Amino acid sequence: LNEKLVCGYPLSIFFIVVNEFCERFSYYGMRAVLVLYFKYFLRWDDDLATSIYHTFVALCYLTPILGAIVADSWLGKFKTIIYLSIVYAVGQVAMAVSAIHDITDSDRDGTPDSMTFHIVLSMVGLFLIALGTGGIKPCVAAFGGDQFGEHQDRQRRTFFSVFYLCINGGSLLSTIITPVLRAQECGIYSKQKCYSLAFGVPAALMVVALVVFIIGSGMYYKAEPQGNIMLDVCKCIGFAIKNRYRHRSKQYPKRQHWMDWAEEKYDKLLIAQIKMVLKVLFLYIPLPMFWTLFDQKGSRWTLQATTMDGNFGALVIQPDQMQTVNPILILTLVPIMDSLIYPLIKKCGLNFTSNFYFSFILSNFQKTLPTFPSTSQSQLKLLNMGSNSVTVKLPGNDALILPAAQVYPFINNCNTKFTNLLPEVILFKSATNDLTSKPQEGNNAIRFVNGMKTAVNVSTAAADFGLIEPFYYSNYSQIKNGKATFTLRSGSQSCEYSTNFGFGSSYTFFIHSTLVFGSNCQDSVTAVEDIKPNSVHMALQIPQYFFITAGEVMFSVTGLEFSYSQAPSNMKAVLQAGWLFTVAIGNFIVLIVAELAKIPKQWAEYVLFASLLVAVCVIFSIMAYFYTYIDPTEIEAQFKKKINEDDEDDKSKPGKAEVEMVKRDSIKCHDEYDKATQTKM
Ligand SMILES: C[C@H](N)C(=O)N[C@@H](CC(=O)O)C(=O)O
């Protein structure tokens with residue numbers, strides 16, 4: 001081992017820790033803005049955006065199996081990390097390039113002309129990222145562990161804690177930074193939301209991660225590939241199943257465990273080790289349901305946040321920035337749990353190793369959208385632009401008294417025609433003009449109606465509504481939350497109108513016929529709310545983040561440790577890959593529900609997931625109760641001792657009778673293992 005030590009730690013691990021920080025920054029930074037990129041840049045609907053997001057996350061947790069196989073049987077961990085990091089960085093660069101709208105915006109109107117180009121490039125980018133991040137995932141932590149000698153147990157444990165802190169530190173910083181970058185406007189010909197920068201910075205961090213890892217190259221201990229244990233495990237299981245099937249007739253006596261049918265061909269130690277692994281993998285069966293809920297932070301919860309009010313007083317939070325609550329809570333909860341809660345639980349004599357997890361989802365019950373007309377109806381708006389109230393009589397309806405400068409929304413069958421309305425009453429047909437959904441990304445959609453007899457020009461710092469003809473209306477413009485000041489201009493005369501906006505509203509502003517330029521025009525403009533601003537505050541997501549993160553601390557952190565402690569020495573990576581596989585399955589479940597079930601109400605989908613998790617919690621608790629703890633090191637030592645003794649006997653007294661005895665002893669030892677694992681927890 002490399003003996004360059006700093007404060008008792010191998011110098012090489014500093015490079016590994018910095019590499020992990022940068023890599024996790026890159027991964028979580030890109031992931032934080034991904035669902036909004038799908039929705040607002042690629043213009044996918046919520047379900048498609050959610051599905052592709054979870055397919056990507058699932059892929060990121062499937063590829064660790066591939067990475068472990070390549071590292072163990074072919075390249076070794078060091079080379080695997082280098083090669084796959086290059087693939088990863090290329091993927092991140094592809095994502096950044098795919099988000100440059102100017103590349104295909106030949107008519108320079110701010111929207112890409114060939115969406116196919118952007119979709120294909122981003123999908124290729126995401127595939128490479130999944131291959132890279134997943135492939136190196138089982139290698140980096142294990143490579144860090146390899147740097148410690150057998151006498152450095154304490155240091156190795158501290159390394160893993162620091163490693164976890166770096167993961168969450170990188171995730172925390174990136175989920176704060178990339179949403180801010182995404183909210184900026186950039187572009188060559190036209191300014192649009194800067195997704196290219198939000199993906200470009202993670203790409204740069206991935207290059208930094210690679211460079212840092214290469215700089216440490218001369219200091220690492222690089223263990224040779226050990227051979228593909230995963231393949232051996234699969235072959236052994238396959239043989240046991242085949243052999244059992246071949247001997248299915250009653251004339252063959254039953255064996256204690258179906259894996260014992262591999263005894264004819266495989267080492268008893270390997271069979272015993274596989275039994276240990278299978279026991280833990282069986283316990284993993286309910287776990288995907290936890291990840292199903294957990295990983296919706298980046299999809300459904302972020303989309304939910306776009307319909308909420310992100311004003312925290314001095315701070316305005318972007319919807320995707322809410323994801324930072326998770327690493328913040330991890331960084332505070334892990335030390336509290338480790339130093340306070342777990343020792344307290346232990347003192348009370350409770351065994352807390354069978355983890356109980358739960359999570360609540362607060363559904364977003366806010367209703368800020370008005371009732372929109374059905375397909376057989378149209379919505380009309382009557383605007384009284386005069387300074388007196390008027391009575392309007394619409395065919396087939398009672399007479400309406402329309403006060404001055406007021407709007408009257410009116411749902412009507414498409415075919416009815418209205419004529420002979422007073423000149424000061426303007427009729428809007430909603431189907432062509434009105435906004436029927438929440439404005440994007442928490443912005444406010446604003447338009448002006450000119451009730452004056454002269455054309456008026458309206459503008460703000462952020463938008464130009466252009467020249468509005470008398471009794472006519474402007475197009476919608478997007479205005480951010482906060483105070484906006486509009487300048488109304490006619491020839492050389494102007495006046496200003498200011499108002500405050502929340503998130504996700506739509507307003508029509510009426511310029512009265514009585515407006516006098518040069519004076520204060522604050523009272524001569526009436527705001528009519530077409531779509532209410534988001535009324536539910538983003539802070540209401542904090543309890544759901546708290547519960548899901550508390551679940552992560554109790555379940556994920558302890559679960560990883562459990563998998564490590566219950567795995568045979570040569571199969572720790574197999575179980576880690578199995579653990580990560582449960583994350584992949586969890587993401588596939590979201591995919592199935594989002595794409596196939598198509599539950600119309602979002603709250604109903606949340607309730608379904610939460611109920612499934614409660615059911616799975618009960619099942620998991622029962623399974624955990626019946627789980628028997630084992631000490632893999634002791635069992636392996638017993639086997640090895642027996643094998644050594646047998647070898648000695650073989651050398652001194654070779655003969656058929658002895659060989660039979662060895663076989664019997666071996667089987668006895670095997671039975672001891674079975675008995676040892678039947679002691680209840
Ligand atoms: C940022 C998360 N709280 C976290 O710790 N994630 C870990 C575990 C995982 O989900 O894979 C990580 O990114 O390695």
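Predicted model: local features only at pLDDT ≥ 70, side-chain atom pairs only at ≥ 80, totals over all residues.
Residues are numbered from 1 along each chain as its sequence is written. The protein chain is divided into domain 1 (12-365 + 536-625), domain 2 (377-531) and domain 3 (632-676), with bounds that come from an automatic or database domain assignment.

**Domains**
- The C-alpha centres of domain 1 and domain 3 are 42 Å apart.

**Ligand shell**
- Arg24, Ile167, Asn168, Ser171, Asn326, Pro327, Ile330 and Glu552 surround the ligand; a residue is near a molecule if its C-beta atom, placed from the backbone, lies within 6 Å of it.
- Two or more residues of this shell come from each of α4 (153-183) and α10 (325-347); helices (H or I, at least four residues) and strands (E, at least two) are DSSP runs, numbered from the N terminus.
- The shell comprises 3 nonpolar, 3 polar and 2 charged residues. Here Ala, Val, Leu, Ile, Met, Phe, Trp, Tyr, Cys and Pro count as nonpolar, Asp, Glu, Lys and Arg as charged, and the others, Gly among them, as polar.

**Sheet**
- An open sheet is formed by 4 strands in the order β14-β13-β17-β18, with antiparallel pairing; two strands pair if DSSP finds at least two bridges between them.
- Because β14 (464-468) and β18 (493-501) stand at the edges with a single partner strand each, one side of each is left without a neighbour in the sheet.
- On average, neighbouring strands of this sheet are turned by 15° against each other, direction ignored; the axes are lines fitted to C-alpha atoms, and angles run from 0 to 180 degrees between N-to-C directions.
- β17 (residues 482-490) pairs with β18 over 9 bridges in the antiparallel sense, and Ala484 stands opposite Thr499 in β18.

**Selected residues**
- Most residues other than glycine have a negative phi.
- Cys7, in the loop between β1 (5-6) and β2 (9-10), has a positive phi near 55°.
- Cys7 counts as exposed, because it has 5 C-beta neighbours inside 10 Å; with C-beta atoms placed from the backbone, a residue is buried if 20 or more others lie within 10 Å of its own, exposed if 12 or fewer, and partly exposed in between.
- Arg43, in the loop between α1 (12-41) and α2 (46-98), has a positive phi of about 60° and is partly exposed, with 15 other C-beta atoms within 10 Å.
- Ile119 lies in helix α3 (residues 115-146) and is partly exposed, with 18 other C-beta atoms within 10 Å.
- The C-alpha atoms of Ile119 and Phe41 are separated by 9.7 Å, although these residues are 78 residues apart along the chain.
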